[in-house]
Amino acid sequence: MELTAANFRIEAPRFIFSRLAEEKNVVIDAPPGLGKTRSAAKAAIRLVREIGQRVVIIEPTKTLRSQVASYIRKEDPEIEIHESKAWSDYSCPIINAPADPAFCSYRKDICEEERLRCGVLQDIKMIGKSKLTVATFAKLLMSKGSFAGYNTVIVDESHGFENAETSFLQTYVMFDRLREIAGEVEEEYPELAEELNRLADGLLRMNQMLGDSELLTMGEIDRIREAFESDVLRRVWLECAREGKYPRYRRLYSDLQTLHFRMQNIAGNIFFFYEGALYGRPKNMEAEIAGFFKDKNVCLLSATVEDPARHARECGLDMRRFDQTCGVVVKDYPEVRRRNRMLVALKDGPVLSKADEEKYAIARKRANEILLEILSRFTLRSLVLFRSYGDQRMAWEFLSATPVAPRIQNIWQGEDPEEIEKKIRKLREGDIVLTSASARLWEGVDIPGLRLVVIDALPYPGKDPLDRKYNFRAGYETMLKRLKQGLGRIVRSDDDWGAAVVIDRRFTERFPSIAPRLPWFMGEDFRKMRLTEALSELDEFVRKRGGTSVI
């Protein structure tokens, strides 16, 4: 079936329903703002009402989860729907504070025996019996067993779900975070502060000896596991959980215990260091997702993917339920959106390759200077996307001493998703967000009123620890995927406008091969120019649309 921008709102719900009702998988790729989420909500209601299927809709963020729940209630006020939240979103009757996931896991069975009125226990029961549930990517991936009884899964913003297993099945602890939290608790718990600093120092020394992206041996894992078993860590965590204090330490302890749990199964998990953090993850994350989706009807609602079948495979769908009738790409793109965006590739930007450390240091300094020129020029709500935590940290060290510093909000790797959403909700008109590829703003989280996106370096990933050498083909494909998602952050509707600038000169040099892979006529619309010319053209573009330039 052909879906277009013109017929999408009427035909898409019918298409989704018909395929899922026939136990087929569905992939729809379309620009933002055409009504993908509402179409899925309408189809879900019909699947529950007419066929009796159990349907779960998953969203990348809590905000979108609540929005789709509202869509469904407006469409069918009589339908029963369960909005499954994170455990920390429920109040704990024991500590009279938001529930602590680690404490809930520790005490859940006891609470059930005591018949406490607890939102966490109620959520578990509702997931088990609800016909229609809305949850987040994180909730489903971390509680796959609870959702096993659903016939149908609808994944909204599924271009972000391709990377979701890395975001949610991979656990990490950053050395800087250990030290920050040590400083927070030092006055009340000096023993804990000393233990956290000792742990950070020990992990850093081991990282310096072994390097990044190298698999840890059994002996090295045993040494780390013993450090995690400190009585001080557990005793203070239990006290903080009961009294509802030091939430950052409680979250850190939960991450430490998740890593410790994985270390009990060395055969099924891998551990490695990367950019100042210890990581642990399943050896085969894709298999975990594919196992959950087996024999289920799945609908993927996406943007910026090229090949529906490939997207289905990368998300782990049961390909026995996918044929040539199941994937649709809406190719027409509203002309008004093309007029309302400006795409710039800098011809005189630095080459931000890390292959040569000395050359990279010089290129990093120049990229920081370009960032300052661009961000100083415009008082627009802006997003700067970095390839990695290290790039972001070095840029922030430079920008923090400049006049734009008060406008900057850093969203760091490892931040709680709820805290990220709070920061975004509090953004002012001219604020600037700095973030890296590991913090999910490349692909999943929208920033309302975003006017300027700056992509620092081409977002090539680091070496996968399971690869003996860097996989350049896989790295190139990951870079393209992130690049498309980052560029897709602007102009999300027909009355929206915005600009994107790519600093890394490798983008311009490799443009002939990259351009055909970009969606929505981006390859045709990118303008390659020097920084001085780009700033002048951006000034004119912004002023015509009522934005503010400070020159």
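## Basis of the model

Because the model is predicted, local features require a pLDDT of at least 70 and side-chain atom pairs count only at pLDDT 80 or more, while totals for chains, interfaces and linings use all residues. Residues are numbered from 1 along each chain as its sequence is written, and side-chain values use heavy atoms, with hydrogens and water left out.

## Domains

The protein chain is divided into domain 1 (7-165 + 285-329), domain 2 (169-281) and domain 3 (335-544); these bounds come from an automatic or database domain assignment. The C-alpha centres of domain 1 and domain 3 are 30 Å apart. Domain 1 gives 21 residues to the contact and domain 3 gives 17 residues, where contact means heavy atoms within 4.5 Å.

## The pocket between two domains

The second largest pocket has a volume of about 800 Å³. Its lining includes residues from both domain 1 and domain 3, so the pocket lies between them. On a 1 Å grid over the protein atoms alone, a pocket is an open set of points with protein on both sides within 12 Å along at least five of seven lines, and lining residues have an atom within 4 Å of a point. A volume is the space filled by probe spheres set on the points, which are joined across faces, edges and corners.

The lining has 33 residues, and Leu-64, Gln-67, Glu-157, Asp-446 and Arg-492 lie nearest the centre of the pocket. Helix α3 gives the most to this lining, with five residues. By class, the lining of the second largest pocket holds 11 nonpolar, 10 polar and 12 charged residues. Here Ala, Val, Leu, Ile, Met, Phe, Trp, Tyr, Cys and Pro count as nonpolar, Asp, Glu, Lys and Arg as charged, and the others, Gly among them, as polar.

## Cavities

Four cavities of 30 Å³ or more are found in the whole structure; a cavity is a set of grid points where a 1.4 Å probe fits but cannot get out. The largest cavity holds about 110 Å³ of space. Of its 13 lining residues, Cys-92, Cys-104, Lys-108, Cys-111 and Cys-118 lie nearest the centre. Helix α4 supplies the largest share of this lining, five residues. The lining of the largest cavity has 11 nonpolar, no polar and two charged residues.

## A helix pair

Helices are DSSP runs (H or I, at least four residues), numbered from the N terminus. Helix α9 (residues 190-210) and helix α10 (residues 218-228) pack at an angle of about 170°, with their axes 11 Å apart. This angle makes α9 roughly antiparallel to α10, a term for angles over 145 degrees. Axes are lines fitted to C-alpha atoms over the stretch in contact, and angles run from 0 to 180 degrees between N-to-C directions.

Conventions:
Helices (H or I, at least four residues) and strands (E, at least two) are DSSP runs, numbered from the N terminus. Angles under 35 degrees count as roughly parallel, over 145 as roughly antiparallel, 65 to 115 as roughly perpendicular and the rest as oblique.
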